[in-house]
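Here is a short report on charged pairs and nonpolar packing. View the structure first, then read on.

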Amino acid sequence: MSLNLNSLDRRRFLRGAGLALALPLFETFRSSAAGGAEIATPPKRLGCFYFPDGVPMPLPEDPAYSDWSWFPHGAGSEFQFTKCMTPLEPLRQDLTVLSGFSHPAGRVVHGHNNADQFLTGAPTGGGDMDYHNTISLDQQYANHVGHETRFASLVMSTDGGTGTARGTHTMSFDHNGKPIPAEHRPKRVFDMLFVKSNEDAAKRLALSQSALDDLLADARRLRKSLSKLDQKSLDEYLESVREAERRVEKAKKWLKAPLPQVDADHLNLELTTEEPRQYLQTMFELIYLAFKTDSTRVATYQIGRENGVGRSDHLARAIGFNLSHQLSHETKKPDGWKNFGLYCQFLNEEYARFLTKLKQTPEPAGKGTMLDNTLLLFGSASSAFHLSRNYPLILAGGANLGLQHGRYINKAGANPQGGAWDGGTEPWQKKATNNDLPLSNLFVSMLHHLGVQTESFSDSTGSIDLS
């Protein structure tokens with residue numbers, strides 16, 4: 001029987017779609033956390049953190065080279081942090097600095113537009129190319145462990161939402177390459193993790209299931225009247241509906257499960273970027289609490305949007321400067337490299353604070369610390385002059401996952417600060433002649449250490465020895 005498109009109950013169809021889109025508010029629940037049972041083997045966690053605008057990379061002949069280069073001096077275990085990196089010195093044996101990695105497909109992209117491919121390696125393109133992304137590293141791992149926790153992943157950023165193509169506010173992308181909105185309000189994050197929304201959750205779940213059933217029934221009838229191209233579009237949409245169905249089923253299992261109890265007296269949940277240092281500390285603390293309560297095992301936090309747009313550009317006010325992005329363009333001024341380096345030092349201070357808290361928190365049953373069982377990536381997808389090569393990267397934690405640290409893996413050659421240049425008239429158009437390794441090779445190795453058996457990720461050509 002054919003379907004009369006003019007008689008389709010679009011309100012019912014859209015009602016189901018609307019509720020399906022709202023379902024991530026329920027997300028997935030975890031039985032062991034609800035029951036309070038002790039976990040014999042600590043969970044393997046993944047955290048990914050992104051800062052925009054590159055890092056200080058003065059050339060060796062510059063007086064600022066010794067103190068304010070982001071990359072360490074030396075290589076292997078014989079390396080020295082600069083003043084830019086001194087906050088990380090106490091954690092030296094818990095981390096690895098890497099240079100000489102980038103995404104091949106991203107090397108043609110302006111350094112102002114890189115955050116959206118940092119965890120995907122996708123050829124997001126530039127100029128007139130059509131925009132398309134792929135699944136991000138965090139979501140790849142969430143696909144393996146998300147069913148075991150209340151939330152499959154925690155996606156956060158300082159600016160919130162999704163932003164725009166090549167001006168993203170989120171690092172996380174689903175299996176269709178669609179951006180996952182990030183949360184930027186500390187109170188919203190806390191309430192989502194630890195506060196029951198209301199007592200009508202059961203009714204809303206039942207309504208959601210009913211709406212989804214209606215939607216699928218309508219969709220099956222509608223499909224028969226569509227062209228092949230439209231059928232493909234509908235099938236893609238229905239995939240998201242099926243994902244919503246899976247979330248509803250998981251949410252039912254957790255409906256009556258108690259939420260974790262945490263001490264939040266020390267948190268100011270109304271903070272904004274007008275108090276930048278405290279804001280960063282609170283965002284990191286929320287990730288710590290989410291990991292500690294096993295509410296999720298996957299978290300991303302995009303510290304700032306690139307190109308000097310948005311509230312994240314206010315973070316430099318923590319150290320007396322007006323705009324963060326502006327510092328990366330004033331390196332030729334007196335103390336330019338130093339000022340940029342001081343901003344990176346500030347970010348490193350707060351990241352080190354977060355790592356230290358993980359290190360000081362023991363796991364149950366003497367299974368090391370939270371840092372030992374958590375793999376953390378901290379970095380940017382641009383370096384000097386917003387160049388889309390030689391990403392500044394720090395890999396930390398994961399001692400119980402088989403990682404060995406206390407070293408500087410330098411794949412950029414003798415001079416990671418600059419290298420040889422060719423082409424272009426603007427600084428960002430210059431291309432380094434040294435050949436970076438695909439960053440996706442590192443992602444493959446990270447997934448292996450997290451227990452995910454995969455031969456490839458994005459454009460990987462192999463893996464990196466991290467043990």
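A salt bridge here is a side-chain nitrogen of Lys or Arg within 4 Å of a carboxyl oxygen of Asp or Glu. By that rule, the structure holds 15 salt bridges. This is a predicted model, in which local features need pLDDT of at least 70, side-chain atom pairs count only at pLDDT 80 or more, and totals for chains, interfaces and linings use all residues. Residues are numbered from 1 along each chain as its sequence is written, and side-chain values use heavy atoms, with hydrogens and water left out.

**Salt bridges**

Side chains of opposite charge can pair when their charged atoms come close.

| Pair | Closest N and O atoms |
|---|---|
| Asp-67 and Lys-83 | 3.6 Å |
| Arg-92 and Glu-89 | 3.7 Å |
| Arg-277 and Glu-349 | 3.0 Å |

Take Arg-277 and Glu-349, which form a salt bridge. This pair links distant parts of the chain, 72 residues apart: Arg-277 is in helix α8 (residues 276-292) and Glu-349 in helix α10 (residues 336-359). Helices (H or I, at least four residues) and strands (E, at least two) are DSSP runs, numbered from the N terminus. Salt bridges with shared partners join Arg-277, Glu-349, Glu-350 and Arg-353 into one network.

How accessible are these side chains? Buried means under 20% relative accessible area, exposed over 50%, and partly exposed in between (1.4 Å probe, protein chains only). Arg-277 is partly exposed at 22%, and Glu-349 is partly exposed at 29%. Arg-92 is buried, at 15%.

Asp-67 forms a salt bridge with Lys-83. Asp-67 lies in helix α3 (residues 65-68) and Lys-83 in the loop between β3 (78-80) and β4 (95-99), so the pair ties together parts 16 residues apart in sequence. Asp-67 is partly exposed at 30%; Lys-83 is partly exposed at 40%.

**Nonpolar cores**

A nonpolar core is a set of buried Ala, Val, Leu, Ile, Met, Phe, Trp, Tyr and Cys residues joined through side-chain atoms within 4.5 Å. The largest has 60 residues. Phe-49, Trp-70, Ile-287, Tyr-301, Tyr-351, Phe-354 and Leu-376 touch the most other members. Elements giving two or more residues to this core include α8, α10 and β10 (374-379).

Which residues does Tyr-351 contact, beyond neighbours within four places in sequence? Contact means heavy atoms within 4.5 Å. Among them are Phe-49, Phe-284 and Leu-376.

A second, separate core of 35 residues includes Ile-135, Leu-393, Phe-443 and Phe-457.
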